[in-house]
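Open the model in your viewer and keep the selection panel at hand. The tour goes from stop to stop, saying what to select and what is there.

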Amino acid sequence: MSEALYSTVLPSPVRAPRLLLCSPSLCEDFGFDTDFCHSERFAQLMSGNERFPGVSPFATRYGGHQFGNWAGQLGDGRAINLGELATRDGQLLNLQLKGAGPTPYSRGADGRAVLRSSLREFLCSEAMHFLGVPTTRALSLVLSGDEVVRDMFYDGNPQYEPGAIVCRVAPSFTRFGHFQLCAYRGEEALLRRLLHQCIHDDFPHLAAPSLTSGEHVSQDIMLRWFGEVCERTAIMVAHWMSLGFVHGVMNTDNMSVLGLSIDYGPYGWLDHYDPQWTPNTTDAVNRRYRYEAQPEIALWNLYQLANAVLPVLQDVPEVEAILKSYPLLYENAWLEIMGRKLGVQNFGTKEDKALLSELLAVLQLRETDMSLFFRALAQAPLGGEVREDVGVLAHAFYGEGEASGEHLIRLSRWLQHYAARVHRDAQDVCVRRTQMNRVNPWFVLRNYLVQEALDLADEGDFSRVHQLHAALQEPYIEHHNAPGFHRKRPEWARHRAGASMLSCSS
Ligand code: AMP
Ligand code: MG
């Protein structure tokens with residue numbers, strides 16, 4: 001495929017589409033009422049069996065670097081775009097069916113997706129949205145009624161699994177890889193058109209108000225566009241880092257120019273704080289996409305995007321200057337979020353940064369659950385009796401026994417410094433706690449919780465899936481009717497496939 005950015009393609013029909021989940025908030029945004037969302041027609045539309053009137057579905061062409069190597073043309077191999085739909089307040093959002101059948105970019109694969117990966121994508125994209133992380137959304141998850149063959153562990157044991165289709169929603173699905181493939185193929189005119197269109201459609205605030213599609217865009221606007229892509233990417237990754245989220249496959253084809261988290265495959269959340277952790281079995285040896293590497297990998301990916309758009313942007317020194325500003329953009333975003341998580345105002349001095357790095361070091365002295373620790377921190381009395389503070393945090397520690405040895409010494413010292421810093425703000429305790437509870441989730445979508453829900457779903461029991469879906473829509477409040485959602489990863493889940501690490505098979 002050359003000199004073309006997309007191909008029209010129709011979804012392939014499925015046997016018996018049945019709605020499993022839909023996003024109440026997106027349905028409301030689109031003005032869909034409950035009856036419509038639970039109608040037969042909705043399931044038909046969301047599986048691709050029926051088409052929205054006037055829609056001409058298409059799949060797009062992109063390339064990408066996978067695990068650091070140029071992989072050539074990839075494209076929407078199992079994603080079919082339905083075009084834009086307006087929300088009630090006039091925002092245009094793109095709908096995309098993932099798993100709706102082969103496209104010209106399928107490269108011999110079946111264009112389908114299985115229930116387990118579709119469910120993981122649906123739940124995580126919605127969870128990220130409600131955690132305030134820039135992300136693509138999921139409108140619906142439909143069981144196709146067909147079976148799909150997958151070799152989940154790549155060990156020569158293919159199995160039939162239930163097929164499913166997720167309807168993804170985003171202002172744009174444009175990826176770094178869309179630009180990269182044009183550049184790789186030397187299609188400069190197409191690259192320029194894509195960039196102009198991207199600015200026009202997805203960055204209208206940068207374009208002159210009178211700009212119409214296809215019109216000349218100044219060099220200055222294009223540079224500002226690149227600067228904004230860098231900033232949005234930095235902000236997205238800072239969110240991930242603050243929550244202990246690991247994307248798992250940060251290939252350049254999985255990077256959105258809008259700085260949205262996209263393509264939820266073998267992602268995961270840190271249970272105990274381990275900077276080296278990756279949920280992706282395919283990456284278990286090199287750990288390229290491990291938690292701590294994410295900010296740097298995002299920059300590496302931005303360099304690839306920069307290389308791709310340079311023929312159009314031309315201004316090498318300015319592009320380099322923008323790339324060089326990324327570490328500061330990232331650090332500012334990170335400190336801003338971490339200051340809020342710690343309940344500290346105007347966070348960011350040299351002493352503050354030292355306080356934060358000491359905390360991250362202390363969290364590694366004994367396995368400590370990252371989400372539980374931050375959630376509990378708001379409850380520490382900080383009244384000068386450090387033992388009481390440690391007691392409040394103790395349920396975040398893995399393993400047996402109380403804090404002791406070097407861990408206890410350094411944690412205590414850290415708590416003293418932290419208490420002093422908090423008291424310097426002279427902020428009302430209740431106000432601080434309320435603010436901290438708004439940024440430190442009570443509930444995150446731990447892999448083992450999803451795996452347990454999937455195990456039940458395999459037996460036809462979707463109750464746990466619905467419980468997870470309910471909890472993730474309000475991650476900051478305590479869900480006392482959802483036992484087990486606010487606790488450490490149980491020991492059995494430490495190494496079990498699906499509950500800890502995942503393959504790319506989906
Ligand atoms: P991913 O690892 O999911 O980001 O996928 C990498 C590329 O492979 C993308 O271009 C996907 O569209 C494509 N792909 C993955 N799975 C399938 C499938 N079952 N059928 C067709 N294309 C696929
Ligand atoms: Mg992908």
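How do the residues of the shell around ligand 1 divide into nonpolar, polar and charged? They divide into 3 nonpolar, 6 polar and 7 charged. In this count Ala, Val, Leu, Ile, Met, Phe, Trp, Tyr, Cys and Pro are nonpolar, Asp, Glu, Lys and Arg are charged, and the others, Gly among them, are polar.

Before going on, note that this is a predicted model, in which local features need pLDDT of at least 70, side-chain atom pairs count only at pLDDT 80 or more, and totals for chains, interfaces and linings use all residues. Residues are numbered from 1 along each chain as its sequence is written, chains are lettered from A and ligands numbered from 1 in the order in which they are written, and side-chain values use heavy atoms, with hydrogens and water left out.

**Stop 1: ligand 1**

Select ligand 1 and show the residues around it. There are 16 of them, and Gly75, Gly77, Arg107, Asp110 and Gly111 come nearest. A residue counts as near if one of its heavy atoms lies within 4 Å of the molecule.

Now look at individual atom pairs. In the side chain of Arg107, an N or O atom is 2.7 Å from an oxygen atom of ligand 1. Gly111 has a backbone N or O atom 2.8 Å from a nitrogen atom of the ligand. For Arg112, a backbone N or O atom is 3.3 Å from a nitrogen atom of ligand 1. Taken alone, ligand 1 exposes 480 Å², and the protein buries 80% of that. These accessible areas come from the Shrake-Rupley method with a 1.4 Å probe; for residues, only the protein chains shown count as cover.

**Stop 2**

Select Gly111, in the loop between strand 7 (92-98) and helix 4 (115-130). Helices (H or I, at least four residues) and strands (E, at least two) are DSSP runs, numbered from the N terminus.

Is Gly111 buried or exposed? Gly111 is buried, at a relative accessible area of 2%. Buried means under 20% relative accessible area, exposed over 50%, and partly exposed in between (1.4 Å probe, protein chains only). Gly111 touches several residues, among them Gly77, Arg78 and Ser106, when residues up to four places away in sequence are not counted. Touching, or contact, means heavy atoms within 4.5 Å. From Gly111 to Gly77 is 34 residues in sequence, but 5.8 Å in space, C-alpha to C-alpha.

Next select Arg107, which is also in the loop between strand 7 and helix 4. Its relative accessibility is 62%, so Arg107 counts as exposed. Arg107 is not a glycine, yet it has a positive phi of about 50 degrees.

**Stop 3: Arg116**

Move along to Arg116, which is found in helix 4. Arg116 is buried, with a relative accessible area of 15%. Show Glu161 as well: a polar contact of 2.7 Å joins the side chains of Arg116 and Glu161. A polar contact is a pair of N or O atoms within 3.5 Å; within protein, one must be able to donate a hydrogen and the other to accept it, and residues adjacent in sequence count only if both atoms are side-chain atoms. Leaving aside neighbours within four places in sequence, Arg116 is also in contact with residues including Arg150, Met152 and Leu454.

**Stop 4: the magnesium ion**

Which residues coordinate the magnesium ion, ligand 2? Select it together with Asn254 (OD1) and Asp263 (OD), which coordinate it at 1.9 to 2.2 Å. Donors are N, O and S atoms within 2.8 Å of the metal (3.2 Å for Na, K and Ca); water is not among the atoms, so sites may look incomplete. Asn254 is buried at a relative accessible area of 10%, and Asp263 counts as buried at 14%.

**Stop 5**

Select Phe373 in helix 11 (residues 370-377). At 1% relative accessibility, Phe373 counts as buried. Apart from residues up to four places away in sequence, Phe373 touches Leu359, Leu363, Thr368, Leu393, Ala396 and Leu411.

Then select Trp300 in helix 8 (residues 294-313). Trp300 is partly exposed, with a relative accessible area of 29%. Its contacts, leaving aside neighbours within four places in sequence, are His65, Gly68, Thr252 and Arg288.
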